Amino acid sequence: STFLWKRPRVTSWLQAEKAKGRNLFLVTNSQVDFSEFIMQESFGADWRALFDGIVFFARKGKGFFELPAVKTPFFRLKNDTRGLACGESVCPGGGAANELGEAAPTLEMGGEYLQGHHSLMSGWLGHDPSNTTYFGDHLMADVKAVRDCTSWQAVAVVSELRAREPSEDALGATWGDFFSCDSNDAAEQPGG
């Protein structure tokens with residue numbers, strides 16, 4: 001793709017964290033088909049192997065981090081989305097990629113889910129939730145919500161806060177942006 005950057009250094013960092021025994025989960029507001037497209041383009045066809053679990057369409061601004069009287073359950077994906085081609089919304093075996101399946105009474109390592117509520121992740125995380133570090137790129141839906149509603153630590157990944165001088169850029173060397181207009185790193189250029 002012309003506008004998405006390949007992220008080999010982020011991939012290496014995630015692999016190193018998993019090698020240290022850390023559990024990594026992806027929680028995104030994006031639907032399955034859009035996530036598939038972005039993640040394949042940025043991290044390669046085997047991007048799912050970087051994570052121990054994935055939550056799509058989390059609705060982080062409308063339920064995932066709120067303190068509601070009724071907690072939204074996690075739902076299994078109704079259709080198998082593995083092998084979903086970039087940009088496709090119909091699964092290889094048929095059916096829509098974003099269809100809700102049955103409610104999941106428990107979350108399994110390696111599982112893929114839709115929606116849910118942060119408090120129901122404790123068993124999935126397998127430890128005290130206060131030992132969880134959450135990386136988010138949206139100040140309100142991610143960072144503020146995590147600080148207000150959980151005992152998790154919040155780390156903001158905000159490209160707008162990047163330093164003006166490359167030598168001052170603390171995040172760019174490892175994390176960087178998914179979308180960018182310029183880069184001195186040929187390994188992480190669109191389509192590269």
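Leaving aside residues up to four places away in sequence, Met109 touches Asn23, Phe25, Asp52 and Trp124. This picture comes from a predicted model. One of those contacts, Trp124, sits 15 residues from Met109 in sequence, yet the two C-alpha atoms are 7.0 Å apart in space. Met109 itself belongs to the loop that runs between E4 and strand E5 (112–115). With a relative accessible area of 46%, Met109 is partly exposed, because that value falls between the 20% cut-off for buried and the 50% cut-off for exposed.

Now for the sheet. Five strands make up an open sheet with mixed pairing, in the order E1-E2-E5-E3-E4. Its edges are strand E1 (25–27) and strand E4 (100–103), each of which pairs on one side only. Ignoring direction, neighbouring strands here are turned by 35 degrees against each other on average. In general, strands of a sheet pair through backbone hydrogen bonds, and they do this either parallel or antiparallel.

Strand E5 brings in another residue worth a look, Glu112. Its relative accessibility is 11%, so Glu112 counts as buried, the cut-off being under 20%. The side chain of Glu112 has a partner too: it makes a polar contact with the side chain of Arg48, at 2.5 Å.

Terms used
Residues numbered from 1 in each chain as written. Predicted model: local features only at pLDDT ≥ 70, side-chain atom pairs only at ≥ 80, totals over all residues. Heavy atoms only, no water. Pairing = 2+ DSSP bridges. Helix = DSSP H or I, 4+ residues; strand = E, 2+ residues; numbered from the N terminus. Axes fitted to C-alpha atoms, helices over the stretch in contact; angles between N-to-C directions. Buried < 20%, exposed > 50% of the residue type's maximum accessible area, 1.4 Å probe, protein only. Contact = heavy atoms within 4.5 Å. Polar contact = N/O pair within 3.5 Å; in protein donor to acceptor, adjacent residues only side chain to side chain.
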